[in-house]
Amino acid sequence: MSLRRLVPFALRLLSALGGIALGVWLSLPPVVAAGRGDTWASLGARCGLSAQEVRRANPGLRLQPGEAVRLPIPRWRCYVRRWGVERAFAGILATPTPAPAPARKIPAVRTAAPSGPVERWDLAEQAFARINAARQAQGLPPLAWDEGLYQAALARAMDMWGRKYFSHDDPETGASLVPCPCGEVLTTGPAGKWDPVEAWRKSASHWSILMGGYHAGAVAVIWMPPRSWSLEGMSNPWPQVLAVGLVRR
């Protein structure tokens with residue numbers, strides 16, 4: 001083969017191999033390094049993912065600065081979401097359609113309200129972010145999220161609901177139930193009206209724990225349906241939230 005024919009052939013081959021490599025790279029999920037103050041939500045927002053999707057893809061990760069976090073979505077789709085291309089195409093394809101013919105009425109099915117507590121990860125994440133914002137406003141480093149502490153705090157909240165008490169100590173033995181050598185803060189109040197962070201802020205002892213010299217922590221929040229939790233013989237007549245915060249050095 002002459003040099004004149006060899007050069008175009010080599011260029012086409014390199015172009016094909018480059019396209020294959022680019023396609024493989026774009027099909028892989030992106031991996032980002034967690035920064036100081038990053039949350040599951042802020043990392044997921046880079047690719048239009050929810051906090052829960054990112055957490056499920058990285059079990060056991062504590063979001064320490066520099067840790068590699070896998071975003072469970074192909075790179076090409078991450079870029080498409082980030083640049084808003086999906087929404088642009090959705091708008092183009094959303095052409096008016098004729099009104100459908102009257103359909104047979106289907107009786108509505110009412111979903112029964114939950115009879116037990118519901119984990120509110122969204123409220124827990126908001127509370128943790130606000131605590132870190134308050135720490136930074138005071139010149140303190142933000143707390144790193146600790147998944148182990150979150151599971152311990154959630155277990156504490158569920159135990160208080162199940163055994164109908166509200167305390168750092170066991171209602172039967174009086175022994176401390178704080179699950180580790182760490183600080184614990186509790187609060188409870190009507191759902192939709194009660195702000196856990198403000199309740200802790202108004203208590204000097206609680207706030208001093210959250211603003212103390214700790215390096216990691218977590219907040220767990222559960223929602224309790226009406227009349228599902230009793231405290232000192234009195235049942236809650238309205239939906240209620242119960243929050244547990246844990247911090248460690």
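Modeller: Residues are numbered from 1 along each chain as its sequence is written. The model is predicted, so local features need pLDDT of at least 70, side-chain atom pairs count only at pLDDT 80 or more, totals for chains, interfaces and linings use all residues, and side-chain values use heavy atoms, with hydrogens and water left out.

Colleague: Why is the contact of Glu 147 and Arg 55 called a salt bridge?

Modeller: A salt bridge is a side-chain nitrogen of Lys or Arg within 4 Å of a carboxyl oxygen of Asp or Glu. For Glu 147 and Arg 55 the N to O distance is 2.6 Å, so the pair meets that rule. The rule gives eleven salt bridges.

Colleague: Why are Asp 122 and Arg 120 placed in another class?

Modeller: Their salt bridge has its closest N and O atoms 2.7 Å apart. Asp 122 has a relative accessible area of 30%, so this residue is partly exposed. Arg 120, at 26%, is therefore partly exposed.

Colleague: What makes Glu 198 and Arg 130 a salt bridge, and what does the pair tie together?

Modeller: The closest N and O atoms of Glu 198 and Arg 130 are 3.6 Å apart, so the pair falls within the limit. Glu 198 is in helix 8 (residues 196–201) and Arg 130 in helix 6 (residues 121–137), so parts 68 residues apart in sequence are tied together. Glu 198, at 28%, counts as partly exposed, and so does Arg 130, at 34%. Shared partners join Arg 130, Asp 195, Glu 198 and Arg 201 into one network of salt bridges.

Colleague: How do you know that the span of helix 6 is close to the expected one?

Modeller: The expected span is 1.5 Å times one less than the number of residues. Helix 6 has 17 residues and reaches 24 Å from first C-alpha to last, close to the 24 Å expected. Its buried residues include Trp 121, Phe 128 and Ile 131. Gly 139, with a positive phi near 80 degrees, follows helix 6.

Methods
Buried < 20%, exposed > 50% of the residue type's maximum accessible area, 1.4 Å probe, protein only. Helix = DSSP H or I, 4+ residues; strand = E, 2+ residues; numbered from the N terminus.
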